[in-house]
Amino acid sequence: MLRTLIRNIVSNWMGYVVNAVVIFFLTPFVLHSLGDTRYGVWVLATGLTGYFGLLDLGFRAGTTQYLTRHLAQRDYDAVNRTASTSIAALSVCGLTVAVASVLICWLSPFIFTIPEGTVSEVRWCIAVVGISSAFQFVFAPFSAVFAATQRYDVANAMSIPLRLGIAAATYIALRLDCGLLGLCAVHGIGEGLGCLIRARVAHWILPELRISLRQAAWRDFRPILSYGFANSLIRGATTVKTYSSSLIIGLLMPLAALAPFNLAAGLVLQIDRLFAPMAIVFFPVATQLDAQGDRQKLKEMYFKVSRIFLCTAFAITIIGSIWAADFYRLWVGPEYVDGGQGTSVVVLFQILMAASTIQIGQKIGSQVLLGARAMRALTALTVTDALATLVLMVPLILALGLLGVALAALVPALVVRGVLFPIAVCRVVGTEPSNYFRAAYIRPCLVGAILAAPLLLLHHTIPVHGSWALLVLCGCLAATVSAPVLLWVGFDKDERRRLVVEPVRRVWISWNGTKMGDAPL
C-alpha cells in the first residue's frame, strides 16, 4: 500500500508542478494581453463552471465511491452497471449545463456590470466555457476509473502533455491577437480532447470495463445518488466558498477588481493544490479501511498525515508571507503591490494564505469522512463553513472592499476547520479530540515558532532588489533552513525512516547498485 501511495503522490506532484509552472508563466502574459477588465471576464466565466458542477447532484463522486468498492470486491458486473448508469445520468446533467450556459450568456448584461463594447465577448466566453463543461460531464465516469483503480500515475501521464499543449496554444492565440474568444476556444477544444483520451485509456487500465446504456439500472442509480447527493451538498458548499468571492466582487465592484483579488487567491490556490495530490490518494485507502472496519488505522492515518500537512503548510505560509511583496513586484508589477488600485495584493495573499493553512490541515480529515461515508457530519461542517463565509462577505466587502472578502474567508476557517472539523472526525475514528489536538497541532506550532526568526533575518540580510535570481536564491536558502526543522520537529523517528531514509536508500541503490550506510537522519 505504501508503494502505491508514494507512486500516486509523486505522479500527482509532477502534475501539480507542471500546472504551477504553466500558471506562473502564463498568468502575467494573459493578464497584460487581455487587460484587467477582460481578464476579470475570464475569471468570472471560469468561476461559473464551478457552479455548473453542482448540477450533477454529486453523481460523479458517488460513481467514484462505488467503483472503488466494487473493484475491491472484484465484482465487475457491478462495476459495469455503475459506470453505465453514471454515463446515462451524467449525460442528462450535461444537457442541463449546456442549456443553463446559453441562458446565462444571454442574461449576463442584466446580471453583471459589463463595460460597453465587451458584451458580445462576455456572452461568447460564458457559452463556450459552459458547453465545454457539459461535454466533460458526459465523460466524467471514465475519469472516475483512474481514482477507483488508484492509477493517478496514468492520469497524470495524460494530463501533463495536455496541459502543456493548452498552454502553448494559449500563448500562440494571444500572440496572434485572438483575444478572449481565442482563449476560450483553446481551453474548450483542449478539455474536450482530454475527455476523449481519458475514455480510451480508462478501457486500457480496466479491460473488464463495458459501457452500455442497457446496463443502466435503477438499483444502481439510487445508492450512487444517495451518496452523491450528500456529496453534492458538500461540494456545493465548497463551490460557494471558493467561487462566491469572484461572483460577489463582480456584482458589487467593477470587474477590474477581480484582477488583484484573483492574483492573490490564485497563488493561494496553487499552494493549496500542492497538498491536494497527497490528500486525494488517501480516499480509496480510507474507503478500504472503512470497508474492513479498521478504525485504528484510520485514526493513525488521520493524526499523522494531518500533522505532516500542517507542519509543511506552516513553513510555506511563513516563507510566502515574508517574500510575497518581492514575488508579486517581479511577477505582475509594483502597481498591484503598492495598493494603488485598492488593497495590496500582498495583504490579500497573507490573509487568504492563513485561512488556507488551516484548511490544508483538514484535507485528510475530509478523505476520512468521505471514505467512512460520514456524509452527515461532513455536509454539516462544509455547509456551515460556506454559509458563514457568505454571510460575512457581503457586509465586509461593502465596508472594507477586497480586504473584507479576505477576512470573510479567514474567520470561518479558524472556527469551523480549525476546531469543529477535528472534533467531528475524531468521533468517526473513535478517539478524543484532545488526543488529536495534541498530536496534530503542537509540532506545527513549534515549526512555525522556530522558523520565523531565521527566515525574517534571511529576508533582511539578502534584499531582492527586483532580481529574479536573488529571489530564487532566497527561496532556496529558505527551503534549506526549513527542511531540517520540518524533518526533526515535524516528523517522528519512524516517519523519517519510512518516508525519507528508505526512499533515498532505494533510489541510491537503483542508481549505483550499492548500499547506503545505515546512518539515521
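The largest nonpolar core of this predicted model has 117 residues, and Met301, Trp323 and Tyr328 have the most contacts inside it. A nonpolar core is here a set of buried Ala, Val, Leu, Ile, Met, Phe, Trp, Tyr and Cys residues joined through side-chain atoms within 4.5 Å; buried means under 20% relative accessible area, exposed over 50% and partly exposed in between (1.4 Å probe, protein chains only). Helix α10 (residues 295–331) supplies the largest share of this core, 17 residues; helices are DSSP runs of H or I with at least four residues, numbered from the N terminus. Leaving aside residues up to four places away in sequence, Tyr328 touches Leu263, Ala264, Leu267, Gly333, Val337, Val345, Val346 and Phe349, where contact means heavy atoms within 4.5 Å. A second, separate core of 20 residues includes Leu71, Ala144, Phe146 and Ala202.

Residues are numbered from 1 along each chain as its sequence is written, and side-chain values use heavy atoms, without hydrogens and water. Local features need pLDDT of at least 70 and side-chain atom pairs count only at pLDDT 80 or more, while totals for chains, interfaces and linings use all residues.

Aromatic rings come next. Rings of Phe, Tyr and Trp (its six-membered ring) pair if their centres lie within 6.5 Å, and planes under 30 degrees apart count as stacked, over 60 as edge-to-face and the rest as tilted. By this rule there are 19 aromatic pairs. Phe135 and Phe139 make a tilted pair, 4.9 Å centre to centre with 40° between the planes. These two phenylalanines are about one helical turn apart because they sit four residues from each other in helix α4 (residues 119–148). Phe135 is partly exposed at 35% relative accessibility, whereas Phe139 is buried at 18%. Phe437 and Tyr441 form another tilted pair, at 5.4 Å and 40°, and both belong to helix α16 (residues 433–461). Ring pairs also link Phe24, Phe25, Phe327, Tyr328, Trp331, Phe349 and Trp468 into a cluster.

Gly401, with a positive phi near 70°, follows the helix.
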